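This report describes selected parts of one structure.

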Amino acid sequence: MTIQIAERIALIRQQLPATVRLIAVTKQVSVEAMRVAYQAGIRDFGESRIQEAASKQQQLQDLPDITWHLIGSLQSNKAKKAVELFQWIHSLDSLKLAQRLDRLAQELSCRPQVCLQVKILSDPNKSGWTIPDLLASLPELNRCHNLQIEGLMTIPPLDLNDVEILNVFEQTRDLADKIRQQHWSNLQMHQLSMGMSDDYQLAVQAGATMVRLGRIIFGDRSYQ
């Protein structure tokens with residue numbers, strides 16, 4: 001298993017442009033497997049659950065150069081813990097949550113890096129802004145000075161074909177371009193967090209700068 005993880009990471013890195021950041025998604029992955037990934041060069045780890053991430057951070061304190069990414073849905077009552085634990089939050093999905101994170105970041109004297117989660121196609125299983133809602137929220141988001149708003153994140157709906165998935169990623173890229181051209185003072189659109197194990201190559205083709213890969217690195221996990 002140890003060799004497999006290292007080999008998989010090496011193979012993926014060969015396929016990724018140097019401009020694309022590889023985030024290893026470690027939900028329900030053991031700390032031992034995470035150490036193997038670290039030895040293979042991974043420094044970015046993505047977690048979905050606050051409690052699980054807190055436990056792993058305790059166990060990995062001897063590896064101080066890890067960057068922790070929150071990629072799962074964030075409930076408002078766990079926002080403070082998220083700001084304390086994560087340098088990156090990819091799943092910022094509403095103006096209300098953005099304003100709460102902004103207040104907490106000011107209280108905690110930190111500036112977390114965030115991506116705005118956008119829902120390109122209607123999908124009852126995903127949270128995030130629709131395109132019109134996000135564009136309408138930009139003036140208020142621009143006032144969130146304690147957040148480093150770095151770009152967009154998206155997850156395509158299930159059951160799309162490759163052409164449809166690529167189109168979702170391209171629309172996300174075009175939306176980031178449109179926002180960038182409006183020259184907001186506090187909204188950077190340099191990052192596109194998109195692409196997971198089944199579709200990351202399509203995401204890279206469309207301009208992803210961060211891919212979130214779990215199963216393709218660590219194998220299947222038995223979700224409770």
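Glutamine 87 sits in the loop between α4 (79–85) and β4 (88–92); helices (H or I, at least four residues) and strands (E, at least two) are DSSP runs, numbered from the N terminus. The model is predicted: local features need pLDDT of at least 70, side-chain atom pairs count only at pLDDT 80 or more, and totals for chains, interfaces and linings use all residues. Residues are numbered from 1 along each chain as its sequence is written, and side-chain values use heavy atoms, with hydrogens and water left out.

With a relative accessible area of 34%, glutamine 87 is partly exposed (buried means under 20%, exposed over 50%, partly exposed in between, with a 1.4 Å probe and protein chains only). Not counting residues up to four places away in sequence, glutamine 87 touches Ile66, Thr67, Trp68, Pro112 and Gln113, where contact means heavy atoms within 4.5 Å. Its C-alpha atom is separated by 8.4 Å from that of valine 114, 27 residues apart along the chain.

Two helix pairs come next. Axes are lines fitted to C-alpha atoms, for helices over the stretch in contact, and angles run from 0 to 180 degrees between N-to-C directions.

| Helix pair | Axes come within | Crossing angle |
|---|---|---|
| α5 (residues 95–107) and α6 | 10 Å | roughly 20° |
| α6 (residues 131–141) and α7 (residues 162–180) | 12 Å | roughly 20° |

The angle makes α5 roughly parallel to α6, a term for angles under 35 degrees. Leu95, Ala98 and Gln99 of α5 make the contact with Ser137, Glu140 and Leu141 of α6. By class, that contact has three nonpolar, two polar and one charged residues (Ala, Val, Leu, Ile, Met, Phe, Trp, Tyr, Cys and Pro count as nonpolar, Asp, Glu, Lys and Arg as charged, and the others, Gly among them, as polar).

Helices α6 and α7 are therefore roughly parallel to each other as well. Here Ile131, Leu134, Leu135 and Leu138 in α6 meet Gln171, Leu175, Lys178 and Ile179 in α7. These residues divide into six nonpolar, one polar and one charged.

Which residues have the most contacts inside the largest nonpolar core? They are Leu134 and Leu152, in a core of 68 residues; a nonpolar core is a set of buried Ala, Val, Leu, Ile, Met, Phe, Trp, Tyr and Cys residues joined through side-chain atoms within 4.5 Å. Helix α7 gives the largest share of this core, seven residues. Beyond its neighbours within four places in sequence, leucine 152 is in contact with residues including Leu134, Leu175 and Ile179.

Methods: Angles under 35 degrees count as roughly parallel, over 145 as roughly antiparallel, 65 to 115 as roughly perpendicular and the rest as oblique.
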